[in-house]
Amino acid sequence: MIGRRPNRGDGARALSQHILPAAGTMIGVCTTLVGLVKIAEAQIGPSHVDEAVSLTAILFLASAAASYLSMRLDDDRPLAMRLERVADICFVIGLLGLSTITLLFAYETI
């Protein structure tokens, strides 16, 4: 499985079609989280969580943009496959980043 090129048949855009709405949803989650942290800062004091979450929102934005562009290009073009891979990588890094930020915030590290 590792190192194989994805088959561009019926499921050609399956990954991009899943990443785009999920990345858009995660941008909304990040925006909501930033707003909630800003409200909570009045009670808990200043923190850098909102800044870190906004950086993960940028990763989700890059993922959404790459996914959208991948769907707009022809299936045969190598650029479409590359963009789909970039979208996937940005999405996973964004998820890992958001999870790490949540964990650090829960233990009051940041």
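Good morning. Helix α2 has buried residues, and what covers them includes α1 (14-44) and α3 (78-106). Helices here are DSSP runs of H or I with at least four residues, numbered from the N terminus. The model is a predicted one, in which local features need pLDDT of at least 70, side-chain atom pairs count only at pLDDT 80 or more, and totals for chains, interfaces and linings use all residues. Residues are numbered from 1 along each chain as its sequence is written, and side-chain values use heavy atoms, with hydrogens and water left out.

Let us begin with the length of α2.

Which residues of α2 are buried? Among them are Val49, Asp50, Val53, Phe60 and Ser70. Buried means under 20% relative accessible area, exposed over 50%, and partly exposed in between, with a 1.4 Å probe and protein chains only.

The structure holds one salt bridge, that is, a side-chain nitrogen of Lys or Arg within 4 Å of a carboxyl oxygen of Asp or Glu. Lys38 forms a salt bridge with Asp50, and their closest N and O atoms are 2.7 Å apart. Because Lys38 lies in helix α1 and Asp50 in helix α2, the pair ties together parts that are 12 residues apart in sequence. Lys38 is partly exposed, at 49% relative accessible area, whereas Asp50 is buried, at 7%.

Definitions and conventions. Helices (H or I, at least four residues) and strands (E, at least two) are DSSP runs, numbered from the N terminus. Contact means heavy atoms within 4.5 Å.
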